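Look at the structure below and keep the residue numbering at hand. The text walks through it one part at a time.

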Amino acid sequence: MNDAVIGSTTASAHQFEAAMRLALRQAAGAGADVPVGAVVLDAGGQVVGTGRNERELTGDPTAHAEVLAIRAAAARLGRWRLTGCTLAVTLEPCTMCAGAAVLARLDRIVYGAVDPKAGAVGSLWDVVRDRRLNHRPEVIAGVLAEECGALLTQFFAGRRVG
């Protein structure tokens, strides 16, 4: 796998594989929801927030894995500015989640599978690198992309059968 680094090159994809495996474990527990998982790491690499999609579970359209992980990290750290933190998520964030990452001042977004239908971190849109915004996190794409994509493929294949 290539180190797919977009933006600055201060970090490599390989150093986030362990975090992506944690995000994959979160995704696997999503039940009836689309299996997307996320973790937020502090500057030292410690997990400070986790989340998995819970829209079906809660009936909340904003209950995306990224938003829940960001909320958990902010609560744990006692601040809304998550400067120095990294969001690792199994699927490229949508516009809402990309916007939340920008507004939380996350230093970096690391994602696995590309989302060509709703991705807002370079695929369909590129919210996080819009020069009109006052914060632009580094983006590292494609970390464990095959594993992340396989989880989604299995989920949707199971929904089409029957």
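What follows takes up a pair of helices, then the salt bridges, and then some single residues. The model is predicted, not determined by experiment.

We begin with two helices. Two packed helices are described by the angle between their axes and the distance between the axes. Here the helices are α3, covering residues 65-77, and α4, covering residues 95-103. Their axes come within 9 Å and cross at roughly 25°. Angles under 35 degrees count as roughly parallel, so α3 is roughly parallel to α4. The crossing of α3 and α4 is left-handed.

Which residues make the contact between α3 and α4? On the side of α3 they are E66, V67 and I70, and on the side of α4 they are M96, C97, A100 and A101. Sorted by class, the contact has 6 nonpolar residues, no polar ones and 1 charged one.

One residue of this contact can be followed further. M96 is found in helix α4. Is M96 buried, partly exposed or exposed? Its relative accessibility is 31%, so M96 counts as partly exposed. Leaving aside neighbours within four places in sequence, M96 is in contact with P61, T62, H64 and V67. L24 lies elsewhere: it is 72 residues from M96 along the chain, and the C-alpha atoms of M96 and L24 are separated by 21 Å.

Helix α4 also has a buried set. The buried residues of α4 are C97, A98, G99, A101 and V102. They pack against α3 and β5. An α-helix has 3.6 residues a turn, so residues three or four places apart point the same way. Among the buried residues of α4 are C97 and A101, and both of these also belong to the contact with α3.

Just after α4 comes R105, which takes a positive phi of about 65°. R105 has its place in the loop between α4 and β5. Most residues other than glycine have a negative phi, and most peptide bonds are trans. Against that background, R105 has a positive value in a residue other than glycine. L144 is another case, with a positive phi of about 50° although it is not a glycine. L144 sits in the loop between β6 and α5, the latter being residues 145-160. With a relative accessible area of 9%, L144 is buried.

Next come the salt bridges. E138 and R108 are both buried.

Another salt bridge joins D126 and R129, whose closest N and O atoms are 3.0 Å apart. D126 has a relative accessibility of 32% and therefore counts as partly exposed. R129 is partly exposed as well, because its relative accessible area is 23%. In a further salt bridge, the side chains of R132 and D130 meet at 2.6 Å, N to O. R132 is exposed, with a relative accessible area of 75%, whereas D130, at 21%, counts as partly exposed.

Two residues remain. T90 is found in strand β4, residues 86-91. At 1% relative accessibility, T90 counts as buried. What does T90 touch, not counting residues up to four places away in sequence? The list is M20, A23, L24, A27, P35, V36, G37, G112, A113 and C148.

G84 has a relative accessible area of 19%. Buried means under 20%, so G84 is buried. Not counting residues up to four places away in sequence, G84 touches L41, D42, A43 and D107. G84 and D42 are 42 residues apart in sequence, and their C-alpha atoms are 6.2 Å apart in space.

Terms used:
Residues are numbered from 1 along each chain as its sequence is written. This is a predicted model: local features need pLDDT of at least 70, side-chain atom pairs count only at pLDDT 80 or more; totals for chains, interfaces and linings use all residues. Side-chain values use heavy atoms; hydrogens and water are left out. Axes are lines fitted to C-alpha atoms, for helices over the stretch in contact, and angles run from 0 to 180 degrees between N-to-C directions. Helices (H or I, at least four residues) and strands (E, at least two) are DSSP runs, numbered from the N terminus. Angles under 35 degrees count as roughly parallel, over 145 as roughly antiparallel, 65 to 115 as roughly perpendicular and the rest as oblique. A crossing is left-handed if the near helix is turned anticlockwise from the far one by less than a right angle, and right-handed if clockwise. Contact means heavy atoms within 4.5 Å. Ala, Val, Leu, Ile, Met, Phe, Trp, Tyr, Cys and Pro count as nonpolar, Asp, Glu, Lys and Arg as charged, and the others, Gly among them, as polar. Buried means under 20% relative accessible area, exposed over 50%, partly exposed in between (1.4 Å probe, protein chains only). A salt bridge is a side-chain nitrogen of Lys or Arg within 4 Å of a carboxyl oxygen of Asp or Glu.
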